[in-house]
Amino acid sequence: MNTSLLSVLTSILFCSAAYAAELPPLQSDTEPDRTDWTELTAKYGPMPAVASNLKIGGVSKTLTNEYWRSLGDGYKNLADKHGFTLAYQAAANEDDQLGQLSIAETLIAQGFNGLLVSPQTDANLQPAYEAAKNKNIPLVNVNDAVMPNAAYYVGNVQKDNGVRVANWFITHRPQGGKVAVIEGQPGVYAAAQRTKGFKETLAANGNYPLVASVPANWSRENAYNAAATILQQHPDLIGFYANNDGMALGVVEAVNALGKSKQVAVFGTDGISDAYASIKRGELTGTVDSFPVLTGEVAMEVVLRLINGQKLSRVISTPQALITKENADAFSTKDNEKLRQLLAQQ
């Protein structure tokens with residue numbers, strides 16, 4: 001183990017021990033201290049005045065995935081509206097944990113007033129959380145890995161992503177059949193919860209043997225290879241659930257290559273534009289959209305309220321919806337206000 005990584009892990013263990021007495025480990029899906037995104041104004045009042053000299057930092061997992069670029073667009077919408085400085089940065093790739101930590105620590109050292117962070121794993125940004133806490137800088141964990149000691153989290157109910165997909169199979173494939181999961185990155189709360197929701201819901205509701213559940217580390221290529229192997233081993237498979245859309249699109253390629261598009265349903269998670277386009281073409285069966293632009297706007301509102309001194313719920317829940325060919329057009333709207341109204345009515 002290299003010295004830098006050992007140092008980071010030591011810091012993580014220290015952080016966990018130091019804060020364990022203050023906050024119980026965060027389980028964002030089940031945390032009782034939560035407020036729905038639609039209730040922020042009703043519960044906490046209108047947005048406070050925002051100073052134009054604020055500097056807010058956003059630390060993303062990567063900018064190669066459209067989901068994280070869209071989340072940044074949500075941050076930017078509020079920064080542009082209120083005229084403050086936003087720095088939105090990301091690691092070189094989704095495996096660059098030390099690079100992401102370095103970005104967060106640099107923003108803290110530069111005196112940013114608040115941070116919105118999307119950790120690559122549940123642990124890699126814990127030292128940055130400690131540094132921000134020591135300087136009284138509000139830090140909000142925004143999808144999808146979950147820092148156990150995070151004081152504030154903004155995101156959807158990750159387990160429900162898998163539950164929604166499982167319920168589609170129960171409704172549309174009532175005869176049952178073999179299914180498989182293409183997991184995200186090991187050590188990430190969201191990936192584990194999405195997979196758990198899918199597995200548990202199917203296990204309790206019919207004959208859906210899970211024949212494979214393998215990590216592809218958010219990689220489309222890895223997902224393609226994993227799906228091709230699974231289909232060769234289980235040619236009668238009826239469906240896949242992938243923990244994100246990039247991987248799901250890789251699965252679609254494998255399914256099509258083997259001529260099984262009519263037999264095998266494929267679902268992803270995130271709601272990126274390529275997933276919507278594939279759904280409309282009749283390739284990808286569906287995705288669970290977690291509306292990253294809106295999530296970014298909500299997260300930015302949360303950090304601005306915290307900077308203003310408001311005491312908020314530990315978790316602010318954001319929306320999600322199962323998207324299939326039947327409703328893809330309605331949820332494709334670029335009208336942000338119309339989308340908010342549509343989601344608020346769910």
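Y75 is buried, with a relative accessible area of 0%, where buried means under 20% relative accessible area, exposed over 50% and partly exposed in between, for a 1.4 Å probe and protein chains only. This is a predicted model, in which local features need pLDDT of at least 70 and side-chain atom pairs count only at pLDDT 80 or more, while totals for chains, interfaces and linings use all residues. Residues are numbered from 1 along each chain as its sequence is written, and side-chain values use heavy atoms, with hydrogens and water left out.

A search of the whole structure finds 8 aromatic pairs; rings of Phe, Tyr and Trp (its six-membered ring) pair if their centres lie within 6.5 Å, and planes under 30 degrees apart count as stacked, over 60 as edge-to-face and the rest as tilted. One of them joins Y67 and W68, edge-to-face at 4.8 Å centre to centre with 80° between the planes. The ring centres of Y75 and Y88 are 5.4 Å apart and their planes stand at 90°, so this pair is edge-to-face. Because Y75 lies in helix 3 and Y88 in strand 3 (residues 85-90), the pair ties together parts that are 13 residues apart in sequence; helices (H or I, at least four residues) and strands (E, at least two) are DSSP runs, numbered from the N terminus.

## L78 in helix 3

L78 also has its place in helix 3 (residues 66-82), and L78 is buried, with a relative accessible area of 14%. Although L78 and E301 are 223 residues apart in sequence, their C-alpha atoms are 7.7 Å apart in space.
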